[in-house]
Amino acid sequence: MTEGAPGQQVDVVVLGAGMVGVSAGLAARQRGLSVIVVDRREPGSETSFGNAGILSSGSIFPLNTPALWKNLLKYLSNQHPALRWNLPWAVANAGWVMRFLASAAPSQTKPRAVALHGLISTSLKLHRDWIVQAGAGHRIRETGWLKAWRGDGVANAKAEQAALAEYGIKSEVLDRQAISALEPNIIPAYRVGLLHTQTASVDSPGAVVRDYASMLAGGGGAIRQSEIRQIEPQRDGWRVQLADGEIAARHVVVALGPWSAELLRPLGYRVPLAFERGYHQHFVPNPARKLLRPIHDADGGFVMTPMEQGIRVTCGVELTARDAPSNFSQLDVVVPLARSVIEFGDAVGERWRGARPTLPDSLPMIGPAPRHRGLWLAFGNQHIGFTTGPGTGAAIAAMIAGGAPPFDTQAFAPSRYIA
């Protein structure tokens with residue numbers, strides 16, 4: 001990767017080299033702006049590394065929809081694998097929890113779905129363009145992804161299909177026989193499925209972020225690896241202080257995911273950011289019984305997907321402090337469930353844990369900071385940051401360049417939470 005020289009002055013410094021940050025840097029460079037992307041680690045090494053690798057057309061409905069109220073009692077038991085929560089954290093963050101629940105009102109569902117649909121549609125087009133331009137077209141799989149129910153999920157599948165169809169998103173309801181035809185190597189554990197036909201996936205999310213970063217560097221942008229200390233407004237822009245020097249820039253993009261709020265606090269911004277922590281583990285696949293696409297087990301609250309590193313099993317959401325000790329109980333519950341669907345061998349490598357940044361309305365911040373010229377916020381993409389990174393970055397780059405974003409960003413305005 002190209003390293004930005006200490007003391008260099010550029011048009012744009014992007015803080016954070018996950019999917020969102022790299023996308024912002026790439027989109028800005030494609031508009032002719034000089035760009036440095038800074039992170040303490042290599043691109044794609046943090047939150048963007050640990051996901052199911054899905055480029056999801058249908059993730060337009062946040063976790064906090066009216067359906068949350070129907071499931072709230074079982075979630076309160078803190079035993080469901082789809083959601084675990086830490087009581088001390090919930091008490092300390094009661095304000096965030098109440099705002100999160102308030103966003104599950106029926107009146108808030110459609111506006112957020114419309115907003116996310118615009119962001120996702122833009123992002124998927126860019127992903128499909130960029131992954132080819134980056135020479136990584138072999139990583140994308142246009143096989144859709146399957147949400148499947150072990151029990152009587154026909155009504156759920158049809159309701160979800162109808163909800164998606166309102167936004168022009170196609171899907172197919174499958175019975176047990178059709179699921180077996182689609183995935184002939186799995187054990188017939190599911191009675192009904194919903195195939196998201198316009199969704200793609202990749203075989204290594206971290207590698208795709210690195211591929212996009214290499215394309216940025218090859219196009220004249222720079223990647224700098226350093227600890228970020230603070231940002232300071234200057235008369236003609238910003239000074240970014242790093243562990244090994246500083247960078248002067250006209251614009252700063254904060255795309256640090258779960259670390260974004262603390263960087264902004266010295267500037268007087270109090271961001272209501274919480275963290276959807278998640279875990280995954282890789283397993284040796286059985287080459288004779290290959291999994292062909294990601295499968296979301298709706299009853300078990302987990303996803304299993306074929307990756308370059310093996311079969312990746314990801315568990316549900318854990319709501320707790322960003323840096324709390326790991327709790328692998330959800331993963332321990334779902335791995336046997338995954339084995340009841342697809343044959344795989346021993347674990348490969350260490351179990352992974354990450355924290356996905358989430359605002360109370362489950363929408364990211366995309367736009368200018370309210371009180372500081374040249375400061376742009378691009379974080380809070382919750383568990384769909386890998387999908388929505390390119391659209392987020394393209395919108396920020398357009399606004400920096402004085403143009404119109406490629407989708408309506410009003411619902412994502414940072415001013416809805418900070419003043």
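**Close-up 1. Arginine 322, a buried residue of this predicted model, and its partner glutamate 262**. Arginine 322 has a relative accessibility of 14% and therefore counts as buried, the cut-off for that class being under 20%. Arginine 322 forms a salt bridge with glutamate 262, in which the closest N and O atoms lie 2.8 Å apart. This pair joins distant parts of the chain, since arginine 322 sits in the loop between β18 (317-319) and α10 (329-339) while glutamate 262 belongs to helix α9 (residues 260-264), 60 residues apart. Glutamate 262, with a relative accessible area of 41%, is partly exposed.

**Close-up 2. The salt bridge between glutamate 308 and arginine 139**. The closest N and O atoms of glutamate 308 and arginine 139 are 3.2 Å apart. The two residues come from distant parts of the chain, 169 residues apart, with glutamate 308 in the loop between β16 (302-307) and β17 (310-314) and arginine 139 in the loop between α5 (109-133) and β5 (140-141). Arginine 139 counts as buried because its relative accessibility is 12%. Both residues also take part in a network of salt bridges that links Arg139, Asp203, Asp211 and Glu308.

**Close-up 3. The salt bridge between glutamate 46 and arginine 40**. Here the closest N and O atoms are 3.2 Å apart. Glutamate 46 has a relative accessibility of 19% and so counts as buried, whereas arginine 40, at 37%, counts as partly exposed. Across the whole model, the count comes to 20 salt bridges.

**Close-up 4. Helix α11 and the glycine that follows**. Helix α11 covers residues 385-400, a run of 16 residues, and reaches 21 Å from its first C-alpha to its last, which is close to the expected 22 Å. The helix is mostly covered, with 16 of its 16 residues buried. Just after α11, glycine 402 takes a positive phi of about 85°.

**Close-up 5. The crossing of helices α1 and α11**. The axes of α1 (residues 19-30) and α11 come within 7 Å of each other and cross at roughly 35°, and the crossing is right-handed. On the α1 side the contact involves Met19, Val20, Ser23, Ala24, Ala27 and Ala28, which meet Gly385, Phe386, Gly389, Pro390, Thr392, Gly393, Ala394 and Ala397 of α11. Sorted by type, the residues of this contact comprise nine nonpolar and five polar ones, with no charged residue among them.

Methods
Residues are numbered from 1 along each chain as its sequence is written. This is a predicted model: local features need pLDDT of at least 70, side-chain atom pairs count only at pLDDT 80 or more; totals for chains, interfaces and linings use all residues. Side-chain values use heavy atoms; hydrogens and water are left out. Helices (H or I, at least four residues) and strands (E, at least two) are DSSP runs, numbered from the N terminus. The expected span of a helix is 1.5 Å times one less than its number of residues. Buried means under 20% relative accessible area, exposed over 50%, partly exposed in between (1.4 Å probe, protein chains only). Axes are lines fitted to C-alpha atoms, for helices over the stretch in contact, and angles run from 0 to 180 degrees between N-to-C directions. A crossing is left-handed if the near helix is turned anticlockwise from the far one by less than a right angle, and right-handed if clockwise. Contact means heavy atoms within 4.5 Å. Ala, Val, Leu, Ile, Met, Phe, Trp, Tyr, Cys and Pro count as nonpolar, Asp, Glu, Lys and Arg as charged, and the others, Gly among them, as polar. A salt bridge is a side-chain nitrogen of Lys or Arg within 4 Å of a carboxyl oxygen of Asp or Glu.
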